[in-house]
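Here is a walk through one protein structure, taken in short steps. Keep the sequence and the 3D view side by side as you read.

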Amino acid sequence: MKNRTLIIFFYFFCFACLVRSKLVTGKISVDFLISKGEGKGSKAISNFSITNNQINITHNGKGFMGVVYFTHLNFGGDDLYDVVSVSKDGDDLLVVYLYCTAGTSQINMLYYESYDSEQCIPEEATGFLDAQHFSKGVTKEIGFSIPVLKTDPTPIQTNILIEGKEISYQNANTFHCKLHDDLYKVSVFSTVDCKDCPNASSGWYELHSIVSNGEDRCFGIFYLYFDDHNSVLLKYLFCNPSLTRPKRNLYVANWNGSLKTIPQH
């Protein structure tokens, strides 16, 4: 009986190891620090907690770990905080945008997107962020842990065409770009039509994507501005498992096409 119990425990332990992704630990440089925060959404985001920018989130009953890695102050009257996180099994990416009333600690709403969302989804939210923003030019290294992202998303169709020397996008399965002088595959999993977004001039489209070379998977957003059909901008890169944040890339390229009507974030 004792041996049988040990065998059952051994198989349970092995199963638990298989369903959990390896954690990678490192540091990134940020110009703000959230010493503590917690809150919840009204639907899919049942709760989240933050300590020194490290975040734990429950999304549709599934646990995610990640980091608050970017902020946009006074974004249409709110302070916006960008979160990138990975499910504990390593099979899904969850990006969350937390909105606080500008100049306060109070969360008033959030948007989120994941591999199966195809767009940013809004939720009413409550909670707080104890955030300190450093003086201009001052940054601090923070340590955090995140599961290794093991999969690429299934790319969605966008009706966008891009052609340039270092970037090409003809359909969902033929999107590539140069990054670090290497060719990376791009999988668009969510899009945003920002013709009416805060701080917009003529407006833009966003292609929220995973840029992958088979070893490193980088979340990033391609910007296509309506008043410039001769360039494409790639921003807000966050790579896993290298935990690097490549600088933005401006691609000389012609683009055309139009997205379906999709809510802004």
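The structure holds 1 disulfide, a term for a pair of cysteine sulfur atoms within 2.5 Å. Its two ends are Cys218 and Cys239, with an S to S distance of 2.1 Å. The torsion about this S-S bond is about 100°, so the disulfide is right-handed. Cys218 lies in strand S17 (residues 217-225) and Cys239 in strand S18 (residues 231-240), so the bond ties together parts that are 21 residues apart in sequence. Strands here are DSSP runs of E with at least two residues, and helices are runs of H or I with at least four; both are numbered from the N terminus.

A word on the basis of all this. The model is predicted, so local features need pLDDT of at least 70 and side-chain atom pairs count only at pLDDT 80 or more, while totals for chains, interfaces and linings use all residues. Residues are numbered from 1 along each chain as its sequence is written, and side-chain values use heavy atoms, with hydrogens and water left out.

Are Cys218 and Cys239 buried or exposed? Both are buried. Buried means under 20% relative accessible area, exposed means over 50%, and partly exposed lies in between, for a 1.4 Å probe and protein chains only. Now take Cys177. Its sulfur is 9.1 Å from the closest cysteine sulfur, in Cys218, which is too far for a bond. Cys177 is also buried, with a relative accessible area of 0%. Cys100 counts as buried too, at 1% relative accessibility.

Strand S6 (residues 78-87) runs antiparallel to S7, and 9 bridges join them. Two strands count as paired if DSSP finds at least two bridges between them. One example is Val84, whose bridge partner in S7 is Val95. S6 and S7 form a hairpin with 5 residues between them. In that turn, Gly90 has a positive phi of about 80°.

S7 also pairs with strand S8 (residues 107-114), in the antiparallel sense and over 7 bridges. Here Leu94 has Ser114 in S8 as its bridge partner. These strands form a hairpin as well, again with 5 residues between them. Gly103 sits in the turn and has a positive phi of about 80°.

Stay in S8 and find Glu113. Which side chain of opposite charge is nearest to Glu113? It is Lys235, 14 Å away. Lys and Arg count as positive, Asp and Glu as negative, and His and the chain ends are not counted. Glu113 is buried yet has no salt bridge, meaning a side-chain nitrogen of Lys or Arg within 4 Å of a carboxyl oxygen of Asp or Glu. The side chain of Glu113 does make a polar contact with that of Tyr97, at 2.8 Å. Another polar contact, of 2.7 Å, joins the side chains of Glu113 and Ser190. A polar contact is a pair of N or O atoms within 3.5 Å; within protein, one must be able to donate a hydrogen and the other to accept it, and residues adjacent in sequence count only if both atoms are side-chain atoms.

End at Ser212, in strand S16 (residues 204-212). At 6% relative accessibility, Ser212 counts as buried. A polar atom of its side chain lies 3.0 Å from the backbone nitrogen of Gly214. Leaving aside neighbours within four places in sequence, Ser212 is in contact with Asp152, Tyr184, Lys185 and Arg217. Contact means heavy atoms within 4.5 Å.
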